[in-house]
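Trainee: I would like to learn how to read charged side chains in a model. Please take me through one case.

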Amino acid sequence: ANAVTAEGEAITVTVNKDVDAVYDKVKNFIKQYNELLEEMNKLYNADSAKGYDILTDEEREAMTEEQIEKWENKIKDSLLRRDDNLGSLLNTMKTTVSKCISVNGKGYALSSFGIVTSEYTEKGKLHLLGDEEDTYGKDYADKLKAALSEDADTVMKVLSGVAKELY
């Protein structure tokens with residue numbers, strides 16, 4: 001790039017869209033989002049630890065180390081059960097990924113690009129339609145790759161808008 005060219009020598013620079021690289025980044029974001037959502041849902045919907053009070057010294061002496069560990073883990077695992085702040089954060093995340101983002105006066109949601117939720121039992125998990133690795137989305141047309149090929153700028157503005165809202 002810094003070399004001197006001979007007089008009259010033509011230089012050609014070609015720039016190509018790397019749809020697959022962007023697609024992979026979006027796919028990775030969805031994977032990480034789903035992992036985080038799954039962990040948060042697990043903590044929020046944990047089994048109750050009702051009846052599991054902190055052990056007294058006498059109770060500890062009567063138990064094995066393994067029993068003590070199980071007892072304490074039961075309490076720890078339920079610390080965020082039905083926590084208002086965690087519940088609010090979960091709802092905000094799910095609402096944010098379903099919002100419309102305006103680009104040049106037109107509204108787009110992630111679903112416009114094949115990023116959708118499925119059954120309510122998945123508690124907000126995202127799926128990428130057309131992704132062969134996604135059991136829910138593999139049989140659908142790949143809207144994201146098509147959109148990236150046709151109008152990558154709009155897709156990136158929408159994804160950036162959603163990411164900004166999540167942040």
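Trainee: Is Lys99 buried, exposed or partly exposed, and what is its relative accessible area?

Mentor: Buried means under 20% relative accessible area, exposed over 50%, and partly exposed in between (1.4 Å probe, protein chains only). Lys99 has a relative accessible area of 35%, so Lys99 is partly exposed. Note that this is a predicted model: local features need pLDDT of at least 70, side-chain atom pairs count only at pLDDT 80 or more, and totals for chains, interfaces and linings use all residues. Residues are numbered from 1 along each chain as its sequence is written, and side-chain values use heavy atoms, with hydrogens and water left out.

Trainee: Which residue forms a salt bridge with Lys99?

Mentor: Side chains of opposite charge can pair when their charged atoms come close. The rule for a salt bridge is a side-chain nitrogen of Lys or Arg within 4 Å of a carboxyl oxygen of Asp or Glu. Lys99 pairs this way with Glu165, with the closest N and O atoms 3.0 Å apart. The pair links distant parts of the chain, 66 residues apart: Lys99 sits in the loop between helix H4 (84–96) and strand S1 (101–103), Glu165 in helix H5. Helices (H or I, at least four residues) and strands (E, at least two) are DSSP runs, numbered from the N terminus. Glu165 is partly exposed, at 43%.

Trainee: How many salt bridges does the rule give?

Mentor: The count is six. One of them joins Lys27 and Glu133, with the closest N and O atoms 3.3 Å apart. Lys27 lies in helix H1 (residues 19–44) and Glu133 in the loop between S4 and H5, so this pair ties together parts 106 residues apart in sequence. Glu133 is exposed, at 65% relative accessibility. Lys27, Asp131 and Glu133 form a network of salt bridges.

Trainee: What is the nearest side chain of opposite charge to Asp134, and how far away is it?

Mentor: For charge, Lys and Arg count as positive and Asp and Glu as negative; His and the chain ends are not counted. The nearest such side chain is Lys125, 6.5 Å away. Asp134 is buried yet has no salt bridge. Asp134 is in the loop between strand S4 (126–128) and helix H5 (143–166).

Trainee: Which residues does Asp134 touch?

Mentor: Contact means heavy atoms within 4.5 Å. Leaving out residues up to four places away in sequence, Asp134 touches Leu126, His127 and Leu128. A polar atom of the Asp134 side chain also lies 3.2 Å from the backbone nitrogen of Gly137.

Terms used. Polar contact = N/O pair within 3.5 Å; in protein donor to acceptor, adjacent residues only side chain to side chain.
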